Amino acid sequence: MNGERKPALLVVEDDEGLQRQLRWAYEDYEVLTAGDRAAAIAIVRAEEPAVVTLDLGLPPDPDGVSEGFAALEEILALRPDAKVIVASGHGARESALRAIASGAYDFYQKPVDIDQLGLIVRRAFQLHGIEAENKRLEARAGEGGTVLGTMITAAPDMQKVARTIERVANTGVSVLLLGASGTGKELLARGLHEASARRERAFVAINCAAIPENLLEAELFGYEKGAFTGAIKTTEGKIELAQGGTLFLDEVGDIPLPLQVKLLRFLQERVIERIGGRRPIPVDTRIVCATHRNLEDMIAKGSFRDDLYYRIAEIPVRIPSLAERPGDAALLAKHFLQRFAREMNPQVKGLSPAALAALDRHDWPGNVRELENRLKRAVIMAEGKLVTPEDLDLAGGEDDFPVNLKAAREAADRKAIVRALARAENNISAAAKLLGISRPTLYDLLKQYDLQPA
């Protein structure tokens with residue numbers, strides 16, 4: 001198994017011949033054996049096996065079940081998540097009911113059928129793995145810290161995005177990341193790569209909007225020597241450079257139509273031809289795409305191919321803006337401050353309360369990239385130990401968010417209504433639709449809060 005430790009299976013059985021038989025039969029596991037309760041408990045403490053097969057008839061009560069049930073109780077007290085499969089030939093039905101009621105995963109009646117018991121053991125390991133993964137994801141969601149290795153967030157919507165990325169990382173489905181500039185699309189693409197089986201191979205990123213149209217094909221597919229003026233040697237493109245790994249195509253909506261055809265052919269056939277080449281080259285590269293554009297609108301206008309869209313967007317993932325991620329501005333600001341202070345101005349130790357309030361009030365049109373740039377400038381410019389709103393070039397003042405719950409709700413309502421009216425250009429019907437309420441309800445709220453469309 002590539003040098004990795006096999007899953008630990010503890011066999012608690014006083015029959016040494018059966019111990020040897022089970023050790024031989026379950027070669028996919030690291031089989032640990034114990035002949036009595038004391039030895040079993042010592043192994044559980046030291047090795048923490050995920051699955052245990054437990055014979056209820058253990059010495060000094062080999063003809064009864066008292067010692068086996070005592071072992072079951074102790075094992076589950078030490079490892080509540082362990083899957084214990086109990087086996088006995090003594091009063092099988094009564095023992096089975098009692099064992100399951102005591103927390104056992106399953107029951108098996110002797111004499112042992114190796115194949116049937118092996119199936120139960122395999123299912124137990126699968127269930128234990130699923131439960132462990134769910135606990136890990138739930139713990140991450142509640143940390144308000146890093147997800148996908150390096151992404152920092154406390155926002156439920158962003159944590160949901162990270163969990164989606166983790167779930168699809170080891171599948172072959174295509175992922176399209178949708179979000180405004182600066183929301184962290186490349187960071188998520190890199191996180192997907194690191195969570196996949198391709199993590200040991202290259203991660204290559206290219207911004208399709210930053211490369212002139214006449215050069216983009218050469219960047220992606222490479223070219224042969226002499227293919228055009230200046231092609232003095234054969235050069236691999238980004239797709240080949242990411243062989244076995246992941247190629248991240250940022251701003252895929254900026255790829256011109258003729259090149260979309262060639263990209264589609266690669267995605268369908270997994271072969272490329274360099275510019276000036278005649279030989280098809282097989283390439284095993286995973287493509288992850290991202291864009292801030294509305295590709296469906298572009299398809300309707302004829303500027304993006306619908307067949308390419310369906311190839312790259314099997315799993316579309318919308319990335320919320322920083323303004324839609326409550327608490328993340330302050331969390332990320334503290335992270336950036338620590339990093340920049342260490343590099344540029346060690347006397348800076350934190351953010352003032354007024355600075356935190358200013359961060360919370362700002363709408364962040366430039367998203368995380370804007371936040372990072374403001375923190376870098378603030379750390380350089382700060383004269384004291386705490387960064388101020390002035391250092392951040394943000395409006396200062398006290399935090400005017402109301403503590404009273406009723407007032408807080410009214411403030412939130414006012415802000416949402418004003419924003420909806422602005423986005424809907426003061427069209428009441430459109431604003432009501434954005435807010436998810438009826439027109440009469442919106443009219444009532446406008447009257448209640450003494451608001452008038454501009």
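Reader: What conventions apply to the numbering and the values?

Author: Residues are numbered from 1 along each chain as its sequence is written, and side-chain values use heavy atoms, with hydrogens and water left out. The model is predicted, so local features need pLDDT of at least 70 and side-chain atom pairs count only at pLDDT 80 or more, while totals for chains, interfaces and linings use all residues.

Reader: What counts as a strand or a helix, and when do two strands pair?

Author: Both are DSSP runs numbered from the N terminus: helices are H or I with at least four residues, strands are E with at least two. Two strands pair if DSSP finds at least two bridges between them. One case here is an open sheet of 5 strands in the order S2-S1-S3-S4-S5, with parallel pairing.

Reader: Which strands stand at the edges of this sheet?

Author: Strand S2 (30-34) and strand S5 (106-109) do; each has a single partner strand, so one side of each is left without a neighbour in the sheet. On average, neighbouring strands of this sheet are turned by 20 degrees against each other, direction ignored. Angles run from 0 to 180 degrees between N-to-C directions, and axes are lines fitted to C-alpha atoms, for helices over the stretch in contact.

Reader: How many bridges join S4 to S5?

Author: Strand S4 (residues 83-88) is joined to S5 by 4 bridges, and the two run parallel. Ala87 has Tyr108 in S5 as its bridge partner.

Reader: Which helices lie across these strands?

Author: Contact means heavy atoms within 4.5 Å. Helix H1 (residues 16-25) lies across strand S1 (8-12) and S2, at about 170 degrees to S2. H3 lies across strand S3 (51-55) and S4, at about 165 degrees to S3.

Reader: How do H2 and H3 pack?

Author: Helix H2 (residues 37-47) and helix H3 (residues 66-78) pack at about 15 degrees, with axes 10 Å apart. They are therefore roughly parallel to each other. H2 contributes Arg37, Ile41, Val44 and Arg45 to the contact, and H3 contributes Glu67, Ala70, Ala71, Glu74, Ile75 and Leu78. These residues divide into 6 nonpolar, no polar and 4 charged. Nonpolar means Ala, Val, Leu, Ile, Met, Phe, Trp, Tyr, Cys and Pro; charged means Asp, Glu, Lys and Arg; the others, Gly among them, are polar.

Reader: At what angle do H18 and H19 pack?

Author: Helix H18 (residues 428-435) and helix H19 (residues 439-448) pack at about 95 degrees, with axes 9 Å apart. H18 and H19 are therefore roughly perpendicular to each other. The contact is made by Ile428, Ser429, Ala431, Ala432 and Leu435 of H18 with Arg439, Leu442, Tyr443 and Leu446 of H19. By class, there are 7 nonpolar, 1 polar and 1 charged.

Reader: What is the strand order in the open sheet that contains S13?

Author: Its 5 strands are ordered S9-S10-S13-S8-S14, and the pairing is parallel. The edge strands, pairing on one side only, are strand S9 (203-207) and strand S14 (315-318). The twist averages 20 degrees from one strand to the next. Between strand S10 (residues 246-250) and strand S13 (residues 286-291), which run parallel, there are 4 bridges. Leu249 stands opposite Cys289 in S13.

Definitions and conventions
Angles under 35 degrees count as roughly parallel, over 145 as roughly antiparallel, 65 to 115 as roughly perpendicular and the rest as oblique.
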